[in-house]
Amino acid sequence: MQTNRLAASIILAWAAALGPAHAASTGDQPCKSTAECAAQAEKLGVSAASPRDAAPAKADAADASRDTGQFSWMNRINKASIVMLAEQGVLPAEQAAKIAQGVRHAIEQADKPDGKRPSDVLQVERIMIDAIGPEASLIHAGRSRQDMYATYRMAVLRAAVLAYADAMDDTREQLLRLAGENVDTLVPAYTNGVQAMPISYAHYLLAYAASFSRDAQRIRELYARMNLSAMGTAVLANSSWPLNRERLAELLGFDGLVENSLDAGQVITFDVPIEAAGIMSSGAIRLGALLGDIHTQYHQTEPWLLLAEGATYSSSAMPQKRNPGLVMRAREAASDVVGLAHTVTIRAHNVTTGMTDYKSAGESLGLNESAVDMFKRMDRVLEALVVNKERALAELEAEWTTSMELADTLQRVHQVPFRIGHSFASMIVSYAREHHIAPRDFPYAEAQRLYGEAAAKYQWPDASLPLDEAAFRATLSPTDMVRTRVGTGGPQPQEVERMLEAARETLARDRQWLRERRAALAEADRRLDEAFGALLAKAGDAPPAQPGTAPAPGAAH
């Protein structure tokens with residue numbers, strides 16, 4: 001007992017000597033550069049810096065989100081916050097205008113040679129405090145890292161999904177271009193890896209274009225669930241401040257709110273990013289199949305699909321080889337997207353609500369950029385693709401892909417039960433393969449004999465082949481088989497032309513939807529700048545005072 005009391009006394013004395021323990025605040029540790037700010041935040045495990053914060057890299061000019069780094073978004077949120085706080089009367093107009101000067105200073109200093117672009121909320125706030133004093137921290141009324149980062153991350157995902165849709169639509173356009181050039185190009189289609197039936201190459205390409213059209217539908221549906229604001233929910237239960245969440249959403253380009261404050265920062269951050277990753281993974285899988293069909297051609301001595309000679313690379317040892325590097329790199333990129341998308345799901349699996357593991361996995365893992373790159377690589381493949389129509393037709397005419405048409409014609413024209421016709425066609429194929437006979441060279445007399453055997457097998461009374469030789473040979477023609485297809489969605493040229501035109505119209509509508517979304521974001525940017533500029537005007541044009549380093553407030557949640 002004496003020993004225990006002594007040990008306790010020593011521990012208490014040691015604790016007293018060390019003084020009270022406090023959580024570290026990034027705002028209490030001034031940093032002189034972007035790299036130093038990032039290192040301090042990383043040391044504390046506060047947040048992973050966005051790669052876009054390393055330099056003021058601007059987004060594509062068509063992207064209304066402009067600079068998409070975390071530093072930029074913290075400032076945009078600051079602009080919206082101070083405008084809303086002034087409009088709601090939470091802060092007096094004069095004080096809000098002064099804080100707006102601090103926000104402007106934080107933005108403008110980043111472009112100077114000695115400027116910095118920290119990604120952490122309190123590091124950005126410290127820049128403002130150093131410029132105008134501690135009242136800069138009043139901008140943080142009713143908010144937290146939680147709702148700010150949830151808002152930023154959803155905005156980043158929003159920009160990523162729009163960029164993905166753009167890249168996907170570029171590939172759709174390439175597919176439709178190739179389809180338009182190959183309406184009459186006949187190629188074999190496969191099931192179970194075995195040549196099955198003739199179709200046109202346009203019909204094949206339109207199938208994949210249709211699948212990406214469905215992805216465009218999925219993206220529109222996702223966008224409606226995704227473009228909702230978490231801002232104003234503070235940690236997860238709102239605050240006692242009368243914030244106008246709807247106004248914040250409007251200023252930041254969101255179409256509405258994630259209504260439930262817990263959902264806003266902690267739950268929607270599960271399902272919406274996983275949904276986006278799923279769309280990207282699904283697209284990658286289909287691109288992989290497309291690329292596999294092209295690459296398989298290189299297994300043949302006479303492919304009917306090849307990359308242009310200048311789009312391949314030679315072997316270092318084997319003079320005859322032309323390696324399809326563009327195909328391999330595109331397939332690798334697609335495989336990476338599948339893997340990264342599954343990693344996004346795994347990061348969200350078996351963690352409790354509110355953990356950071358799942359909240360920005362797509363961005364931190366590089367999924368978003370990889371998915372766009374995948375489509376760009378696919379475009380290079382499609383641009384370099386050369387289709388040999390004659391070789392494709394020869395491939396069809398060397399195989400028995402039209403044998404089903406023989407059975408169909410007997411049933412459709414002469415009312416011969418399908419199973420008899422199927423048995424007859426199967427007998428012809430077996431005989432031809434055994435004797436190395438191509439469809440166009442099959443002896444008509446042998447066909448008549450085999451039909452008699454098939455009729456006898458099923459005890460059909462008429463053992464005479466009801467097709468004359470011309471009709472028999474027409475049923476074995478790939479060109480005739482495709483030409484005589486009927487019904488919606490078939491490979492017959494007139495139906496392919498109709499589907500092609502419809503696909504072009506759908507793509508045009510999807511591109512228009514993207515333009516409208518970007519226009520809406522650009523308009524939100526304009527309104528934010530206008531409202532922020534009006535607030536600044538109340539403070540006059542004088543630059544903010546430079547009072548020196550002021551003590552920073554404590555860490556946010």
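User: At roughly what angle do the axes of helix 3 and helix 6 cross?

Analyst: Happy to start there, and please keep in mind that this is a predicted model. Helix 3 covers residues 70-87 and helix 6 covers residues 145-181. Their axes come within 10 Å of each other, and the crossing angle is roughly 120 degrees.

User: Are helix 3 and helix 6 roughly perpendicular or oblique to each other?

Analyst: Angles from 65 to 115 degrees count as roughly perpendicular. The crossing here is at roughly 120 degrees. The two helices are therefore oblique.

User: Is the crossing of helix 3 and helix 6 left-handed or right-handed, and which residues of helix 6 make the contact?

Analyst: The crossing of helix 3 and helix 6 is right-handed. Helix 3 brings Gln70, Trp73, Met74, Ile77 and Asn78 to the contact. From helix 6 come Met148, Tyr149, Thr151, Tyr152, Ala155 and Arg158.

User: How many residues of that contact are nonpolar?

Analyst: The residues where helix 3 meets helix 6 fall into nonpolar, polar and charged groups. Three are polar and one is charged, while the nonpolar ones number seven.

User: Which residue has a backbone oxygen 3.1 Å from a polar side-chain atom of asparagine 75?

Analyst: Asparagine 75 is found in helix 3, and with a relative accessible area of 3% it is buried. Leaving aside neighbours within four places in sequence, asparagine 75 is in contact with Val103, Ala106, Ile107 and Val124. The backbone oxygen lying 3.1 Å from a polar atom of its side chain belongs to phenylalanine 71.

User: Is leucine 410 buried or exposed?

Analyst: Leucine 410 is found in helix 14, residues 403-414. Beyond its neighbours within four places in sequence, leucine 410 has contacts that include Phe424, Tyr451, Leu465, Pro466 and Leu467. Its relative accessible area is 0%, and under 20% counts as buried, so leucine 410 is buried.

User: What distance separates the C-alpha atoms of leucine 410 and glycine 421?

Analyst: Gly421 is among the residues in contact with leucine 410. The two are eleven residues apart along the chain, and their C-alpha atoms are separated by 6.3 Å.

User: What is the relative accessibility of glutamine 415?

Analyst: Glutamine 415 is found in the loop between helix 14 and helix 15. Its phi is near 55 degrees, a positive value in a residue other than glycine. Glutamine 415 counts as exposed, because its relative accessibility is 54%.

User: Where does histidine 436 lie?

Analyst: Phi of histidine 436 is near 55 degrees, which is positive although the residue is not glycine. Histidine 436 counts as exposed at 74% relative accessibility. Histidine 436 lies in the loop between helix 15 and helix 16.

Terms used
Residues are numbered from 1 along each chain as its sequence is written. This is a predicted model: local features need pLDDT of at least 70, side-chain atom pairs count only at pLDDT 80 or more; totals for chains, interfaces and linings use all residues. Side-chain values use heavy atoms; hydrogens and water are left out. Axes are lines fitted to C-alpha atoms, for helices over the stretch in contact, and angles run from 0 to 180 degrees between N-to-C directions. Helices (H or I, at least four residues) and strands (E, at least two) are DSSP runs, numbered from the N terminus. Angles under 35 degrees count as roughly parallel, over 145 as roughly antiparallel, 65 to 115 as roughly perpendicular and the rest as oblique. A crossing is left-handed if the near helix is turned anticlockwise from the far one by less than a right angle, and right-handed if clockwise. Contact means heavy atoms within 4.5 Å. Ala, Val, Leu, Ile, Met, Phe, Trp, Tyr, Cys and Pro count as nonpolar, Asp, Glu, Lys and Arg as charged, and the others, Gly among them, as polar. Buried means under 20% relative accessible area, exposed over 50%, partly exposed in between (1.4 Å probe, protein chains only). A polar contact is a pair of N or O atoms within 3.5 Å; within protein, one must be able to donate a hydrogen and the other to accept it, and residues adjacent in sequence count only if both atoms are side-chain atoms.
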